[in-house]
Amino acid sequence: MEIVVCVKQVPDTNEIKIDPVTNTLIRQGVPSIINPFDKNAVEAALQLKEKHGGKITVISMGPPQAKDALKECLAMGVDEAFLVSDRILGGADTLATSYTLAQVIKKLGAVDLIICGKQAIDGDTAQVGPEIAEHLDLAQITYAAKVEVNGDTVRVEREQETGYEIIEAKLPVLLTVVKSINEPRFPTVKGTMKANRREIPVWTVNDLEADPQKLGLKGSPTQVRRIFTPQQRTQGELIQADSAQEAAAVLIQKLRDAKII
């Protein structure tokens, strides 16, 4: 089985700060990590390989330092990793990013399964995975919480707010996975040492059969104009009462006074 996993290096959300003057993210000195949902995607691929055999290739689009994320994936046990990095790709929105990754997957050749995290924690759009499937004209199943492969068929439990939806599809398929699907393994010491000796191949746009008008800013119909921190709201009022019934009555009266109900 040929599996491709798409990963993204993102700022650690615990360290994110916004410049109060420019209203942009402060990236200098902020540590980067593998997008947590993408780690679940890597783990899902590793479990499928352990059960069915095959090869796992991890790809990413980003600056040169994204090699660190790919080496962590290698340390977890994936077989190959490729980074596509080029200044032309700067400023790409989800459409341009998904197009670029689709061209990388085309260059890799035949694939049975593409796995992505359901979304990246820095953008939270959940668009790149489904858009890759559209570029490649593949079936897609999102929010996968359990994945089973039987021959040329994949069976997925798709997470929903009120339960699970069971979906089957013929390979090749693109999946996006949720965090509840698994607990990602830690890289081993031996795996980390081996990964650190590996050289990550870096491709530029010249290595891809891509339309320049669909890359980077040129290929991005959506652009972020401003990022800002919402103004802090005043704290709520704590209702204290001798019983839940009394507290509910006070709350209802306050909502009526405010003409909310």
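Glu50 forms a salt bridge with Arg185, with 2.7 Å between the closest N and O atoms. A salt bridge here is a side-chain nitrogen of Lys or Arg within 4 Å of a carboxyl oxygen of Asp or Glu. Glu50 lies in helix 1 and Arg185 in the loop between strand 10 (173-177) and helix 5 (189-196), so the pair ties together parts that are 135 residues apart in sequence. Glu43, Glu50 and Arg185 are linked in a network of salt bridges.

This is a predicted model: local features need pLDDT of at least 70, side-chain atom pairs count only at pLDDT 80 or more, and totals for chains, interfaces and linings use all residues. Residues are numbered from 1 along each chain as its sequence is written, and side-chain values use heavy atoms, leaving out hydrogens and water.

The whole structure holds 12 salt bridges. One of them joins Lys49 to Asp79, with the closest N and O atoms 2.8 Å apart. Lys49 has a relative accessible area of 23%, so Lys49 is partly exposed. Glu50 reaches 55% and counts as exposed. The cut-offs are simple: buried is under 20% relative accessible area, exposed is over 50%, and partly exposed is in between (1.4 Å probe, protein chains only).

Now turn to the cysteines. How many disulfides does a search of the whole structure find? It finds zero. A disulfide needs a pair of cysteine sulfur atoms within 2.5 Å. The sulfur of Cys73 is too far for a bond, because the closest cysteine sulfur, in Cys6, is 11 Å away. Cys116 is in no disulfide either; its nearest cysteine sulfur, that of Cys6, is 4.0 Å away. Cys73 is buried, at 0% relative accessibility. Cys116 is buried too, at 5%.

Methods:
Helices (H or I, at least four residues) and strands (E, at least two) are DSSP runs, numbered from the N terminus.
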